[in-house]
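The sequence and structure come first.

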Amino acid sequence: MRIGLDARLTYYTHGGIARYIRHLTNALQAVDAENQYIILHSRKQRETLVNQPNFRRVNCWTPCHHRLERWTLALEVSPLRLDVLHSPDFIPPAWGAARARVITVHDLNFLRQPEHLTAQSRRYYNGQIHWAVRQADQIIAVSQATCADLVNYTGAQPEKIHVIPEAADPAFRPLPPHEVTSGLARYGLTPGYLLFVGVLEPRKNIPGLLRAYRRLIEDYGLDPPLVLAGKRGWLYEDIERVRQELGLTGHVHHLETVADEDLPLLYNGAALHVLPSFYEGFGLPALEALACGTPTVVSNRGALPEVVGDAGLQVNPEDPEDLAAALARGLSDSQLRADLRARGLTRAAHFNWPATARQTLAVYALSVQSVPRTR
């Protein structure tokens, strides 16, 4: 097969879907030396994602999330004569780009909880998703929760959807204590804090976490530092306002810039990881925590229960007392923490990128088989 993979987003951002693209391309080159791959890069990107004989870089002028992206990208890609084009950011070119089109849908938060997005983001995604689902020959969903949302919110045909989960990078693993301690010193941290990792935006429920943390201090007498590791997102001002109202300025540490290679250190140094989101299409930080042997407390919404299973504590994200009680249990019960650590490492081992790549490759083959040769 002659396979195209749209990796333009990796020029614009490093987290989220861009990280998925990087892991997938690396895993594909490790498991597949037979098919030909055309990796679409932004023309501005100096980095080439994969250097291997059956992988070729093609530069594109079309920027990501441009209002004319469907049509201009189609014009650029059509001459490549692809058998299949994979759009990991779920928006395929309009026509003629390949015999078959595969998209990955990571979440449908913009349909489920539109109040958690900017008006501009809502307009962009809402105007694309229904069209993309109709145009795609096959759809990859990263979780059963996202699969169900695709059917319920877009009317996607269930037979076109394939649930293929993400995985944590192998760098996320238990590290020697001395390495953790020395690494954390660069950030002014010592082991034993609570850790949140992700963009600080409304759906992550940071104000709810802050209110639960205040209860943890007042009702349980526990006050480990709370570390928020992630960039400021939309409505960050609300988070800062709540932090000041609750008198938590000296207790909460915001690390806006953390090198990717240091994230395993942060997880290893945490007493507990916490992800109290109102919705996650997958919830990769929870899986990264499990892979590091760090117990996690997550909300019982979206895909988090299926990712964490019985290896983490699940709470109602709208109930700060429930979250505070779970944090107190995780901090106070050493036997529970040891049990969660063991379960977490076992759970994380079920997710790996080679398996994800092989399943994705099978979807490519199926997509080509499902369309006429003359298309």
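Which helix gives the most to the lining of the largest pocket? Helix 2 does, with 4 residues. The model is predicted, so local features need pLDDT of at least 70 and side-chain atom pairs count only at pLDDT 80 or more, while totals for chains, interfaces and linings use all residues. Residues are numbered from 1 along each chain as its sequence is written, and side-chain values use heavy atoms, with hydrogens and water left out.

**Overall form**

The protein chain has 15 helices and 13 strands; these are DSSP runs numbered from the N terminus, with helices (H or I) of at least four residues and strands (E) of at least two. Its radius of gyration is 21 Å, close to the 21 Å that the globule rule gives for 375 residues, so the chain is as compact as a globular protein of that length. That radius is taken over C-alpha atoms, and the rule is 2.2 Å times the number of residues to the power 0.38. Along the principal axes, the C-alpha trace spans about 70 × 40 × 35 Å.

**Pockets and cavity**

On a 1 Å grid over the protein atoms alone, a pocket is an open set of points with protein on both sides within 12 Å along at least five of seven lines, a cavity is a set where a 1.4 Å probe fits but cannot get out, and lining residues have an atom within 4 Å of a point. Points are joined across faces, edges and corners, and a volume is the space filled by probe spheres set on them.

| Space | Volume | Lining by class |
|---|---|---|
| Largest pocket | about 1,800 Å³ | 20 nonpolar, 16 polar, 13 charged |
| Second largest pocket | about 280 Å³ | 5 nonpolar, 3 polar, 7 charged |
| Largest cavity | about 80 Å³ | 6 nonpolar, 1 polar, 4 charged |

In these classes Ala, Val, Leu, Ile, Met, Phe, Trp, Tyr, Cys and Pro are nonpolar, Asp, Glu, Lys and Arg are charged, and the others, Gly among them, are polar.

The largest pocket has a volume of about 1,800 Å³. Among its 49 lining residues, G15, G16, I17, V199 and E201 are the closest to its centre. The second largest pocket is lined by 15 residues, with R19, H23, D169, F172 and D260 nearest its centre. Helix 2 supplies the largest share of this second lining too, 4 residues, and helix 10 (263-269) supplies at least two.

There is 1 cavity of 30 Å³ or more. Residues lining the largest cavity include D6, R8, C64, E69 and D89.

**A helix pair**

Helix 11 (residues 284-291) and helix 14 (residues 334-348) have axes that come within 7 Å and cross at roughly 115°. Axes are lines fitted to C-alpha atoms over the stretch in contact, with angles from 0 to 180 degrees between N-to-C directions. In their contact (heavy atoms within 4.5 Å), L287, L290 and A291 of helix 11 meet G344, L345, R347 and A348 of helix 14. These residues divide into 5 nonpolar, 1 polar and 1 charged.
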